[in-house]
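Visitor: I'm new to this one and the whole thing is a lot to take in. Could you pick a single part and take me through it closely?

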Amino acid sequence: MKSVNQPGPGSDSDRADLLSRLQIAVSPELLELALTHRSYAYEHGGIGNNERLEFLGDSILGQAVTVMLYNENPDLDEGDLAKRRASLVSTVALAEVARHIGLGAHLRLGRGEELTGGRDKHSILADTVEAVIGATYLDAGPDAATGLVLRLIAPLLDNPDRFGAAMDPKTSLQELAASLGRGLPSYRVTDSGPDHDKRFHATVFLGDDPAANGTGSSKKQAEMAAALEAWSTLSTATTADAS
């Protein structure tokens, strides 16, 4: 799997590898559009970007996850179903999905985003996942798009602990830290960028020690991203110490 920090390749073999990994058939032109962030489009004369595909894919994602949860969890009430759906379609969860398939390596980003770690930003990764879903719907139809959604979220469902943490990462981190005697997590948040496109950057501390960082389009989103990252690191270290 290619590193998400590498520049986005654009060769036919690279794209074929991505399509094979996703198990979809999408035209090269539509796939390129799905991978094109607005920063790249702006720097290349205002060519098309993936925002319309993202809009379409968001709707398809929500419907596919809703139907799946309804059919597979007959004992859950509306509130629990809504919570699980919110978790699975959240920016944090979709970014994790994107990293799992190495999507960041294929993004077409502008120079500014490239220099500021855009290939690993939660929001950009999540938006691109939705754009690819939208592209799949247009080129291969609703069944193929639904199948893609279910394959993408399967790793979250296959790891119940991770899934639970993704549903409420701040509470999960607080409980794990308390069980290890690490105290209550605290958060420090800063923001950057213009008002219409502000980015938030959160650092979560355990005691006086910074544990993880996260970014997002809101303070809450950034804190959740940092909390999930800290939970993952702490959980992995705890498992390793116990083995």
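Guide: One term first: a residue is called buried when its relative accessible area is under 20%, exposed when it is over 50%, and partly exposed in between, using a 1.4 Å probe and protein chains only. What we have is a predicted model, where local features need pLDDT of at least 70, side-chain atom pairs need 80 or more, and totals for chains, interfaces and linings use all residues. Numbering starts from 1 along each chain as its sequence is written, and side-chain values use heavy atoms, without hydrogens or water.

Val149 sits in helix 9, residues 142-158 (helices are DSSP runs of H or I with at least four residues, strands runs of E with at least two, numbered from the N terminus). Who is around Val149? Setting aside neighbours within four places in sequence, Val149 is in contact with Leu61, Ala64, Val65 and Ile133, where contact means heavy atoms within 4.5 Å. Leu184 is another story: 35 residues along the chain from Val149, with 36 Å between the two C-alpha atoms.

Two of those partners lead us on. Leu61 belongs to helix 4 and Ile133 to helix 8, and both turn up where these helices meet. On the helix 4 side you'll also find Leu53, Glu54, Leu56, Gly57, Asp58 and Ile60. Across from them, helix 8 brings in Asp127, Glu130, Ala131, Gly134, Ala135, Tyr137 and Leu138.

Helix 4 packs against helix 8 at an angle of about 85°, and their axes are 6 Å apart. That makes the two helices roughly perpendicular, the word for 65 to 115 degrees (under 35 is roughly parallel, over 145 roughly antiparallel, the rest oblique). Axes here are lines fitted to C-alpha atoms over the stretch in contact, with angles from 0 to 180 degrees between N-to-C directions.

What kinds of residues make up this contact of helix 4 with helix 8? By class, there are 9 nonpolar, 2 polar and 4 charged residues. Ala, Val, Leu, Ile, Met, Phe, Trp, Tyr, Cys and Pro count as nonpolar, Asp, Glu, Lys and Arg as charged, and the others, including Gly, as polar.

Beyond its neighbours within four places in sequence, Gln221 is in contact with Thr91, Thr215 and Gly216. Gln23, in the loop between helix 1 (12-22) and helix 2 (28-34), counts as exposed at 57% relative accessibility.
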